[in-house]
Amino acid sequence: MTALRRGLFFYKMMKHFRVAALVPRVNVADCPFNTKEIVDMMDEAAFKGVSLGVFPEMSLTAYTCGDLFHNDCLLEGAYDSLRQIVKASERHSSVWVVGMPLKLGGTLYNCAVFIQSGKVVGAVPKCFIPNYNEFYELRWWSSGRGLDSTVEIAGLNEFPVSDRMIFATPDGVKIAAEICEDLWAPIPPSTYAAMAGADIIVNLSASDDLAGKYAYLIDLIQQQSSRCMSAYVYSSAGYGESSTDMVFDGKAIIAENGTLLESSPRWQREPHCVLADIDIESLRHDRLHHNTFTDCRKANAAECFGYKIVSLSPAPVIGDGETLLHYYTPQPFVPAGDVDVDKRASEIVNIQCAGLARRLQATHTRTAVIGISGGLDSTLALLVTVRTFDMLGLDRKGITGITMPGFGTTDRTYNNAITMMQTLGITIREIPIAPAVTQHFKDINHDVNVHDVTYENSQARERTQILMDVANQIGGMVIGTGDLSELALGWATYNGDHMSMYGVNSSVPKTLVKYLVKWFAVKSEDEREKKALLDVVDTPISPELIPANPDGQIKQVTEDIVGPYELHDFFLYHMIRFGRSPRSIYRLAKQAFAGIYSNEVILKWLREFMRRFFQQQFKRSCLPDGPKVGSICLSPRGDWRMPSDASSALWLAEVDSLRL
């Protein structure tokens, strides 16, 4: 297969790669026992479709053998174990990495040995040998830095031994190894290996437990995976190691680009493992997108380009219909998990406030104008503006909130708008737009009974004109209310609600807007305000440009027209953050929204998203200023540069090729 064809195969097929961090029971210096434990775990992991399985440091012998490492009986036992494990690997196509001592030319090395399909593929020695406290390993091991040799032991095939090797699958996944202390070095070997192309770093470790060490180790692994833009698979010695001077809790940890994917419960006395599917596509995207990674590789060319690439055989591939062992949250913009909710929400709002405060000060503006509809976006903009005025020591009465009832305004949104303005203590103005818009319809000869785009946009532009003119009257600034989701879909009237003097919500997607308004409600000490805010959260999203139903309820529900915002926010996040194709987004969405939306619904709105995203770029090309609060922003001056004439043909064709 040519390099080009291999690259195309990777692009089409290799999106995820299943890895496992495995922690077997060990008996110190009991190689037969350890071998059986390892082989049993190999069989079980292979049954689960694992492509790469990683065992701890010195897993064949146990780590705490001490001076027994210099005894030929133990070394021969380790070599015999290796023979048996290599034989057992014939049953699988998975790649296995075990820890063992290797003697080369009268020198003993602590090695990570790669095994696949009945062969030893290669061995990577430990580079940094600790010589402090309980870890006085220099007594037994030599550093493998600069080692480049081959060895033939135990009647097995000859294989390379080097600290500068990358193991590559035919479909493009590249794996490198380091051992325990290597990670703690100022520049871990994995740093250079990643810049040389390794997507996955494995670490065979024997890290003893000390109070507070585990939390530090987790941070260290996450940080290293982030700096390397790689996955990091860490397996550390566990139950059965000698407790003479140390205790080992058997850590199994998998991280990906700064995110902890999986970790095992600590202090288990039984064999255990964690599995995860590494998102190779996202790693490759980030390396492509961030020039810092490429520049570092160029700056360290001497260290990065001397790696030996060792070819692996094909490993198990995750089928298209198979559930991924990788959690993708259905709401990627909304804080979740163990995140401190109050701290994160406060941080986002403070970013918005800081941006607005600076703009007010820079323009010497002490008044602001906001259109208050009683919907989510204008509510968040109002709350942010009030907080900003408080920060600056400005009178809240300097904020003029204008409610502009139109043909579709309902009592529910109107009453909520009035209540919020009253409880927040701002200046309230009510300017109905129906008379002005009706006159406008006469001027342009439009039938008021024809509820088309002209009917709707005329109202939106009338409201914007009022806001701008009132701002001129009072020497104020019009605060924009439109959010990131609306910008992605182009769900804004050009030169209507599309325009303002500063858009505080411009990088806040709809799912996050709802989250933040609810956060404000929970924190509010005013019961009227809290009740109104919670009702805003529960109100169907609507521009209210079409007359209400006979019972006074909202008739024009936005999500009935453009689709659920939580789907669109998911599509937006994965397309912009990771550059994913429609095929990839669809697969992840099916898993994230299983039991919530059918595949048919997901596919329908994915097509609509792609169509609108390309079609509406011209609106994003002339956005007002606004603060960036997260990793996704569509400002033409910052994160997103796209011609308004770009064709959506490729993306829509791929969507249309997808099957339910």
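A salt bridge, as I use the term today, is a side-chain nitrogen of Lys or Arg within 4 Å of a carboxyl oxygen of Asp or Glu. By that rule, the structure above has 39 salt bridges.

Before I go through some of them, a word on the model. It is a predicted model, in which local features need pLDDT of at least 70 and side-chain atom pairs count only at pLDDT 80 or more, while totals for chains, interfaces and linings use all residues. Residues are numbered from 1 along each chain as its sequence is written, and side-chain values use heavy atoms, with hydrogens and water left out.

The score pLDDT is the predictor's confidence in each residue, from 0 to 100. The protein averages 93, and 97% of the residues score at least 70. Residues 1-13 have a pLDDT below 50, and beyond near neighbours in sequence this stretch has eight contacts in the model. A contact here means heavy atoms within 4.5 Å.

Side chains of opposite charge can pair when their charged atoms come close. Take D277 and R18, whose closest N and O atoms are 2.6 Å apart. Which strands hold D277 and R18? D277 is in β16 (residues 272-279) and R18 is in β1 (residues 16-23), so this pair ties together parts that are 259 residues apart in sequence. For these labels, helices (H or I, at least four residues) and strands (E, at least two) are DSSP runs, numbered from the N terminus. Both D277 and R18 are buried. Buried means under 20% relative accessible area, exposed means over 50%, and partly exposed is in between, with a 1.4 Å probe and protein chains only.

The second pair is R164 with E303, where the closest N and O atoms are 3.4 Å apart. R164 sits in the loop between β9 (159-162) and β10 (165-168), E303 sits in helix α8 (residues 301-304), and the two are 139 residues apart. R164 counts as buried because its relative accessibility is 18%. E303, at 33%, is partly exposed.

D535 lies in helix α16 and R412 in helix α11 (residues 411-424), so parts 123 residues apart in sequence are tied together. Are these two buried or partly exposed? D535 is partly exposed, with a relative accessible area of 24%, and R412 is partly exposed as well, at 32%. There is also a network: K15, D279, E281 and R580 are joined by salt bridges that share partners.

Next, two backbone details. M58 is not a glycine, yet it has a positive phi of about 55°. M58 is in the loop between β2 (52-54) and α3 (72-88), and its relative accessible area is 0%, so it is buried. E544 is not a glycine either, and its phi is positive at about 50°. This residue is in the loop between α16 (527-538) and α17 (558-561). E544 counts as buried because its relative accessibility is 7%.

Now the empty space. Rolling a probe the size of a water molecule over the atoms shows where empty space is left. On a 1 Å grid over the protein atoms alone, a cavity is a set of points where a 1.4 Å probe fits but cannot get out; a pocket is an open set with protein on both sides within 12 Å along at least five of seven lines; and lining residues have an atom within 4 Å of a point. Grid points are joined across faces, edges and corners, and a volume is the space filled by probe spheres set on the points.

How many cavities of 30 Å³ or more are there? The count is six. The largest cavity has a volume of about 150 Å³. It is lined by 16 residues, and the closest to its centre are G482, L487, D497, H498 and P624. That lining divides into five nonpolar, seven polar and four charged residues. In these classes, Ala, Val, Leu, Ile, Met, Phe, Trp, Tyr, Cys and Pro are nonpolar, Asp, Glu, Lys and Arg are charged, and the others, Gly among them, are polar. The second largest cavity holds about 50 Å³, and its lining includes L487 and P624.

Last, the largest pocket, with about 1400 Å³ of space. Of its 41 lining residues, T259, T329, P332, V339 and Y573 are the closest to its centre. The elements that give two or more residues to this lining are β15 (259-263), β16, α9 (341-362) and α18 (565-578). By class, the pocket lining has 21 nonpolar, 12 polar and eight charged residues.
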